Amino acid sequence: MANKFVQFLGFAFEGAFKLGFLKDRIEDYQQFKERQVFEKLKQEFIHEHFQELEYIWELLERNIPFDPKVEQPEELRELGLQDDHKTHLLFVFLVGYYEGYFYGLSFGDLELIKYTIGEESSQAGVYYNADLIFKSNKTLYVADFKLSGVRSQLTDIITKKDLKIPFRNYGLPVNLALGELTFEGFLKSLTLLEDELLSLQEASPELKGFLQVVSYAVDYLHKEKPEDIKEVCLSLLYPLAEPFIARFYLRGEDLSQYREKIISLYDRIRRLELEYKQVESSSLARIERLREEIPKEIENLKQQIKVREKQETVLSPDSIYASREHVGKVLDRFFNDPDPVKAVCLFHSAGSGKTTQTRKKILQMEGKHIILYMATRKILLNRELEEIRKLKDQYKIEIVYEKSAKKDSEWVRNIGDTYKDLPKDNAGILKKTVEKIRELTTKDHNFIWAFATQQAIVGTLYKDSTAEYLKGLLSKRIINQYTFHFILDEFFGYNNGLFAIEELFKILNYIKNEEGRVNLYLFDANGFAPPLLEKLLEEYKEFQVMPDATILCEYSSGNVFKERDIKVYVSAKHGYPSPRINLVKKFIFLSEEEVKLKKKPEDELINKKIAEYIEETFKNYKEESTALVFVQNREYIALLKELLEEKGFSSMVATANSKRSQREINEGNQDIILSTSAISRGIDLSRPHKPVNHIYTVIYDWGIEKNMVELIQAISRARGDKKTESEPKTIHLIYLVYPTKNENIDRIIAYLEEDTIHKDLIRLLNEKINLREKIYLDDVITQIITQFIKTPEEKSKVLVPLGEQYKSVYIPNKISEIEGCLSFLNDIRELEKDDELKKNIRILIGVLTEALYVSVIDISFDKEMEYYHPYILFNNQRVRFGFDNESRGRAKSLFYKVKEKLEEHNPEKTEDIEEIINSFLPVQESALPVLVPIYSIVLVKHFLKINELLGFTIDKRIGRGRAETLLGSENPRTYCFNGEQDREYACIPLGEEYPYKEVLSGRFVKFPIEFIKYLLE
């Protein structure tokens, strides 16, 4: 019966969504409601299987339609939350109805093509089998409805079990951008990769669903040949989880050649089952056979892993000296080009001297020059500042480095090791920098060298971009007297890199029109392939957002193109600061039996094993070498440090938040340096007295793109002196294999439809699949590391991992300030050795996080709003937030115990924390951009009893483009509350960087890790 009820819920969700979507849109609405939804599903499911739900079905039929923007029907209020079929049906139906209604409000006039329920043909891929197709505003929309484990999610809500929003979908784990903007280009790539897709051993519901809507779109465009369609939007819509959406431009291409191939591909892929479907077999003999076969397959995978662990892969990198020499030649050609306005982009390896050699070239130039050096890390700014200070008198240089304002200015805040210079109309780092430069243009000098973070280029409430302040330099007098140089160093190191480049090209264009002289310099080793920049800028102009992605492109050592009619030279040559790399793999297993037997937390046990592995492989080298342990997990860093010191190793935690840490990196004698991504850019681990020759990096299978970006940078940090660069390096790739968690089993079961579920088999299958994917992940990472330390052959295919890119927009608000303070506290907790101090800081972090809460009050649907499934975006919504007064006294007491030590590291951030604790109000209201999930509205309006409260925690990011939520990394609390006076709705507040419209509209496609592996072969 579970299978039937899931089917019933699926059709109920689709029918409800369409009833909301079609309200006031079709003349035969009443007939559609009765025949297509209520009568049809009553006959198919209620009369046959669920007679006990007939009164619920009649209740819904009686009250639909109603206007979700006004008061709900009396019969549908305070329904209560019970974990039964009745509540599940009511909730899924009402959520679907609301979502369809608000989705429909996103469109003005539209032309419906297919909206009836059910398939009309047995042939796969034909468009009249689609769930929903319509045209609006020259865009073809094709949508399919899926449940995505909604029953499990509903059970969590009803039982109030560890509620985190947004809800995640069990889908495709890795982003792969095929680099195609047009639908025709994407289809071409897809058909070329047909063999790789068909070689997949299983197909997730999401992969099948995506190919399904692709085939419907191709079939419709081929058969109907509409001339007014300029864009295609393909969607998989779920009740609670975030959708899968892909958007492409259509430019009138003939798609006939792709129709049969795409439909055939979908027909074959849809026959592949989710591997877990094996356990639905009703045959006892089949089940017993699986119980014998799967453990053998697991053992075979473990043997493959043992072979990998025994093999030491020796890599011979290209010389970093050749890369440095090539940088010099490229810059010579660039500076000899007589064009007065031009740009150069260097994708050479980390350590190839891009910044150093450019500085030297500029200083050799005659005349007067204004240089604006911008970088994504303060440590890069400070390092370059020190170099310029040494040359100040010799070259007659004036230096401009405007620091952040004091905290009474609300418009500046710090996060981690980067300044967020976020200006009000009369303030801001970039504006003050420009004013200082203008002042200096009346003095005697040859160079004005200014410094600012790349993060200073943002959109604000008052300006589309703070880069407009740079026009303050562009008077006729200054343009005639000076040559301008704009440098973006490590521009992929922050998410506004492409936005900053676009803004600077506008400035270059302005200078060109005024017949001035200007050079733009762009540096980042992670770009790797010169043709990539042109492709990324083109994509960014179209979409304004690029998610974390692994981008497939063709390698070329150089590329020249024009951006805004300005010539851009792009070049690369790759190497590594060591003559040899020994690549070693270690898979660290933690079994369920170990956890039960030792009765300790999983993280403690896994870190103990990591420490044991480091001891085993490094103890014989510690006298003459240093090990770098790179872990993208703060909690692991603190625990590992303690465990390694128990084993006799001296260690330090590297952080950019403390000047003391930076000195110790180069001058200290510790055996081990531990770090997260804080040192992955900008720090040379130069220790000629004890060189860094062993690099341990823990590999995570989540966020592969972002982790790979930081990993590539981190393994290149051991450089900066002849001794370090002349010795071989051993890189240890450490993969963690955890036992299967019960909640993972529950999520998988949510996708299965049979009544009889064999949990033991699901657990075994999960173990097998995890091991297989770890092996695939190792293949991908090994290949990318191998690729990045050598210059590939011309026209060879390469995979380039990149972090997200989008325009940063700053909306000032008080509660975001706490995020930078928590980051600082975490860093210092890891850095300090005193156990009592560490304990007090840890408790203070917990108190500050727990004290913060947020919710939306008095939703007005008359305000400006937009729908992004399953959220309503309110750009300026009244939000209630506060700091629990009961926690304030405890926070004060803890803070004053640690204040003196915090000030030793960073007085400014210590002052920030003190102000937050003392001045944050217990309850305040403010207007913020927020996302309100539809299920939050439905819970409050229809299910919660009077004065009933339901809490959630906000988990990191929203959308598959991974837009940051306000304080999401600290998991703040939010509530649904049905009060007698006020209703409060759980919400996801959006703070500084929120490309929410672009991120949630969906413009990219994901494929499994197996697919990435096949692309590399």
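Tutor: Start with contact: it means heavy atoms within 4.5 Å. Leaving aside neighbours within four places in sequence, N559 is in contact with P530, P531, E534, V568, Y569 and V570. This is a predicted model, where local features need pLDDT of at least 70, side-chain atom pairs count only at pLDDT 80 or more, and totals for chains, interfaces and linings use all residues. Residues are numbered from 1 along each chain as its sequence is written, and side-chain values use heavy atoms, with hydrogens and water left out.

Student: Where does N559 sit?

Tutor: In strand β19, residues 558–563. Strands are DSSP runs of E, at least two residues; helices are runs of H or I, at least four; both are numbered from the N terminus.

Student: Why does N559 count as buried?

Tutor: Buried means under 20% relative accessible area, exposed over 50%, partly exposed in between, with a 1.4 Å probe and protein chains only. N559 has 18% relative accessibility, so N559 counts as buried.

Student: What makes the N559 and E534 side chains a polar contact?

Tutor: The term needs a pair of N or O atoms within 3.5 Å; within protein, one must be able to donate a hydrogen and the other to accept it, and residues adjacent in sequence count only if both atoms are side-chain atoms. The N559 and E534 side chains make such a contact at 3.2 Å.

Student: How far apart are the C-alpha atoms of N559 and L533?

Tutor: They are separated by 9.0 Å. Along the chain, the two residues are 26 residues apart.

Student: Which side chain has a polar atom 3.2 Å from the backbone oxygen of E490?

Tutor: That of T376. T376 is in the loop between β10 (368–375) and α13 (378–395). At 0% relative accessibility, T376 is therefore buried.

Student: What is the phi of D565?

Tutor: Positive, about 65°, although D565 is not a glycine. D565 lies in the loop between β19 and β20 (566–571).

Student: What kind of peptide bond joins I64 and P65?

Tutor: A cis bond, with omega about 5°. P65 is in the loop between α3 (54–63) and α4 (85–105). A cis peptide bond also joins I165 and P166, with omega about 5°. P166 is in the loop between β4 (164–165) and β5 (174–177). Most peptide bonds are trans.
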